[in-house]
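Please keep the sequence and the coordinates at hand while reading.

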Amino acid sequence: MKKILQIVFLIFLLGGCSQIKWAYRFSDWFIQSRLESFFDLQGDQVKRLESSLKDYKNWHRKEMLPKYSKFLSKVKKNLEVRPWDVEKMREVRREVEKLGEETAVPWVKVSLEIYLSLSPDQIVHYKKKVKERDQKRLEKIKNSTPEKLSFERMEKTLDFLDVVLKKKQELIFKKHFKEHPFPFTKSSERRTKWGEKTMSCLSDFTSKEKKAFCLKEHFMGWEKRRTQESKAYRLKMDELLTKVINSFDEKQVSLLQDKLGEWSSDFNDLSRLPPDE
């Protein structure tokens, strides 16, 4: 379910500018298809999911898209004055995290409805899917290096922004990730434990109310899952991104501002659409 939350936020915040309206209109279909497959949902479960996704998307369009638009406009304006200091970058990162959490909170209700509706066979199916996902993640980690994976992950983020790095900026990233790579192995271990706790909530209690309480407390405990290591990594990333932003030439900054402006306009337009019926 954590992966679904990430997909929700990425679809809503990081779509390509020429495709963002299209992606948003079909986002509920994409998420529903993924959930149906992951949990092997059937019959009334699918109908309830469709209804819940419609309600969530209507809330998201009205409440979150204007916030995304305002945030992107603010970042665009802040790029007019450089160099940035690390604290400015931390402010941007904290705002992104806050928007992510605001996006996720109402999704917890949808998650609870799904988990509490699962039959024993569907739970077995879910366990199998989780195991397959975890094995793929571990294989990817084993077949590469933390340095390379860190850089590849950053490249994907920059692709969303249509940012083309110059050689000196690639070197900045690679030098940083050689010294401070993302802790992929420990992150994978935390995700596995997160899944195990989810299964524990479903299996340790017979009462639906107790299962719901356990799952809700688990899903809402984002801050508890942030280790000292992950917090330190974020601080190092703030320093890295500050250095990279300050290395951009005027053309790169202008292109980035154009992209942020287009996204902001798209989100603003989408927020004004009538609710789905």
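## Salt bridges

A salt bridge is counted here when a side-chain nitrogen of Lys or Arg lies within 4 Å of a carboxyl oxygen of Asp or Glu. By that criterion the side chains of Glu-102 and Lys-98 are joined, with an N to O distance of 2.5 Å. Both residues belong to helix 5, where they sit four residues apart, about one turn of the helix; helices (H or I, at least four residues) and strands (E, at least two) are DSSP runs numbered from the N terminus. Residues are called buried under 20% relative accessible area, exposed over 50%, and partly exposed in between, using a 1.4 Å probe and protein chains only. Glu-102 is therefore buried, at 19%, whereas Lys-98 counts as exposed because its relative accessibility is 52%.

The model holds 22 salt bridges. One of them links the side chains of Arg-94 and Glu-87 at 2.9 Å, N to O; Arg-94 is partly exposed at 42% relative accessibility, and Glu-87 is also partly exposed, with a relative accessible area of 42%. Another joins Asp-134 to Arg-133, whose closest N and O atoms are 3.4 Å apart, with Asp-134 buried at 11% and Arg-133 partly exposed at 22%. Through shared partners, salt bridges also connect Arg-90, Arg-93, Glu-97, Arg-234, Lys-236, Asp-238 and Glu-239 into one network.

## Basis and confidence

Residues are numbered from 1 along each chain as its sequence is written. Because the model is predicted, local features need pLDDT of at least 70 and side-chain atom pairs count only at pLDDT 80 or more, while totals for chains, interfaces and linings use all residues, and side-chain values use heavy atoms, with hydrogens and water left out.

The protein chain averages a pLDDT (the predictor's confidence in each residue, from 0 to 100) of 90, and 93% of the residues score at least 70. Confidence is lowest in helix 1 (residues 2–13), with a mean of 48, and highest in helix 4, at 97. Over residues 1–17 the pLDDT stays under 50, and for this stretch the model has 50 contacts beyond four places in sequence, a contact being heavy atoms within 4.5 Å.

## Nonpolar cores

A nonpolar core is a set of buried Ala, Val, Leu, Ile, Met, Phe, Trp, Tyr and Cys residues joined through side-chain atoms within 4.5 Å. The largest such core has 37 residues, and those with the most contacts inside it are Phe-173, Phe-177, Leu-256 and Leu-260. Among the elements that give two or more residues to this core are helix 2 (20–39), helix 5 (86–117), helix 8 (167–179) and helix 12 (250–271); helix 12 supplies the largest share, six residues.

Apart from its neighbours within four places in sequence, Leu-256 is in contact with Leu-79, Leu-161, Val-163, Ile-245 and Phe-248. A separate core of 26 residues includes Leu-41, Trp-107, Val-108 and Met-199.

## Surface and separation

Which residue of helix 10 (residues 208–219) is taken up here? Glu-209 lies in that helix and counts as exposed, at 60% relative accessibility. Glu-209 and Val-244 are 35 residues apart in sequence and 49 Å apart in space, C-alpha to C-alpha.

Phe-26, found in helix 2, is partly exposed at 42% relative accessibility.
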